[in-house]
Amino acid sequence: MWLKMDALQPPGSFKIRGIGAACEHHATNGKRRFVSSSGGNAGIAVAYAGRCLSIPVSVFVPETASDRAKALIRQEGAEVFVHGASWQEANERALQTVDAETAFIHPFDDPLLWTGHATMINEVVRAGVPFDAVVLSVGGGGLLAGVSEGLDRNGLQHVPIIAAETEGAASLAAAVKAGRPVELPAITSIATSLGARKVAKRAFEITQNRPVDCVVVDDSAAVDACMRFLDDHRVLVEPACGAALAVAYAHAERLARFERVLIIACGGATATLAQLQAWQTSLA
Ligand SMILES: *Cc1c(COP(=O)(O)O)cnc(C)c1O
């Protein structure tokens with residue numbers, strides 16, 4: 001097993017790869033303000049990118065956003081606006097503030113992001129690490145689209161992707177089953193960073209054009225995987241990342257046909273140890 005430790009990115013998750021690339025692109029093209037509607041790792045990454053590029057950032061989050069996430073966004077110097085009961089309302093408000101000088105940064109459905117995420121595969125290939133499968137988590141499918149692009153770029157289009165989701169946030173598995181992207185009625189998993197009710201069209205297309213195996217794990221397996229990963233590697237990640245780790249820790253039979261597996265440890269900054277322990281107790 002190889003781990004791509006994107007949990008160690010400064011803002012805490014892989015998201016800075018794509019979001020950083022998108023923000024640099026928009027800054028070069030004259031945008032003078034960034035807007036996000038993510039109360040999670042995407043919002044944190046936009047705030048971080050804006051600080052690095054000296055561009056002001058506004059992040060619109062719903063009332064349900066955690067205090068910790070809001071604090072992490074503010075810590076990067078961004079302004080947080082709390083609006084509405086759900087992400088839809090916060091997102092609508094965010095979009096109303098977009099003008100000609102503003103770039104709206106989508107959390108997953110943007111080719112600029114995918115090109116940025118693809119760099120993680122370039123790095124693994126350049127490091128000379130051979131692998132015959134990639135395990136990753138899927139929320140809206142931006143990471144999946146980026147890894148797929150990275151594999152293509154490096155002549156690895158035949159390498160299967162194991163796409164992990166949690167029960168209650170499995171919008172990719174639902175799309176594959178239905179034969180088209182479908183909207184989940186609700187997100188019921190604690191892995192809120194995987195909580196896109198519908199995957200990007202591109203993510204679904206990838207499942208039709210290359211080998212992709214969907215694996216759905218329960219919340220309890222995702223949290224247990226986070227705890228084991230903390231002990232094994234001394235790095236704390238969110239259950240969203242735990243979903244991918246749980247494929248190795250709890251569903252190793254799904255990897256039995258591979259010799260060398262690359263797991264994307266995508267990270268996540270919004271969970272604490274106390275929160276993981278509380279989930280472990282309540283899910284037991
Ligand atoms: C965003 C995120 C994901 C899911 O990525 P998508 O591009 O939405 O599929 C997984 N894990 C963490 C920690 C994230 O922040």
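The following legends describe close-up views of a predicted model.

**View 1. Surroundings of the ligand.** The shell around the ligand is formed by 16 residues, of which K15, G139, G140, G141 and L143 are the closest. By residue class, this shell divides into seven nonpolar, eight polar and one charged. A backbone N or O atom of G139 is placed 2.7 Å from an oxygen atom of the ligand, and a polar backbone atom of G141 is 2.8 Å from a ligand oxygen atom. From the side chain of N41, an N or O atom lies 2.9 Å from an oxygen atom of the ligand. On its own the ligand has 380 Å² of accessible area, and the protein covers 98% of this.

View 2. Helix α10 comprises 15 residues, 219–233. The buried residues of the helix are D219, A221, A222, V223, A225, C226, M227 and F229. In an α-helix there are 3.6 residues a turn, so residues three or four places apart point the same way. The buried residues of α10 pack against the strands β1 (2–5), β7 (161–166), β8 (212–217) and β9 (261–265). They also pack against the helices α11 (239–250) and α12 (273–283).

**View 3. The residue that follows α10.** R234 lies in the loop between α10 and α11, just after α10. Its phi is near 60°, a positive value in a residue other than glycine. R234 counts as exposed because its relative accessibility is 66%, above the 50% limit for that class.

**View 4. Helix α6 and the glycine after it.** Within helix α6 (residues 119–126), M120, I121, N122 and V124 are buried. The packing partners of these buried residues are strands β1 and β9 together with helices α1 (15–28), α5 (111–117) and α7 (142–153). Just after α6, G128 takes a positive phi of about 75°.

**View 5. W2 in strand β1.** W2 is located in strand β1. With a relative accessibility of 41%, W2 counts as partly exposed, since this class lies between the 20% and 50% limits. Neighbours within four places in sequence aside, W2 is in contact with V129, P130, V261, L262 and I263. The C-alpha atoms of W2 and A265 are 9.7 Å apart in space, although these residues are 263 residues apart in sequence.

**View 6. S38 in the loop between β2 and α2.** S38 is found in the loop that joins β2 (33–36) to α2 (41–53). Its relative accessible area is 10%, and S38 is therefore classed as buried. A polar atom of the S38 side chain lies 3.2 Å from the backbone nitrogen of G43. Apart from residues up to four places away in sequence, S38 touches G43, V59, F60, V61 and I73.

**View 7. S54 in the loop between α2 and β3.** S54 belongs to the loop between α2 and β3 (57–61). The phi of S54 is near 55°, which is a positive value in a residue other than glycine. S54 has a relative accessible area of 66% and is therefore exposed.

Definitions and conventions. Residues numbered from 1 in each chain as written. Predicted model: local features only at pLDDT ≥ 70, side-chain atom pairs only at ≥ 80, totals over all residues. Heavy atoms only, no water. Helix = DSSP H or I, 4+ residues; strand = E, 2+ residues; numbered from the N terminus. Expected span 1.5 Å × (residues − 1). Buried < 20%, exposed > 50% of the residue type's maximum accessible area, 1.4 Å probe, protein only. Contact = heavy atoms within 4.5 Å. Near = heavy atom within 4 Å. Polar contact = N/O pair within 3.5 Å; in protein donor to acceptor, adjacent residues only side chain to side chain. Areas by Shrake-Rupley, 256 points an atom, 1.4 Å probe, with all protein chains shown as cover. Nonpolar A, V, L, I, M, F, W, Y, C, P; charged D, E, K, R; others polar.
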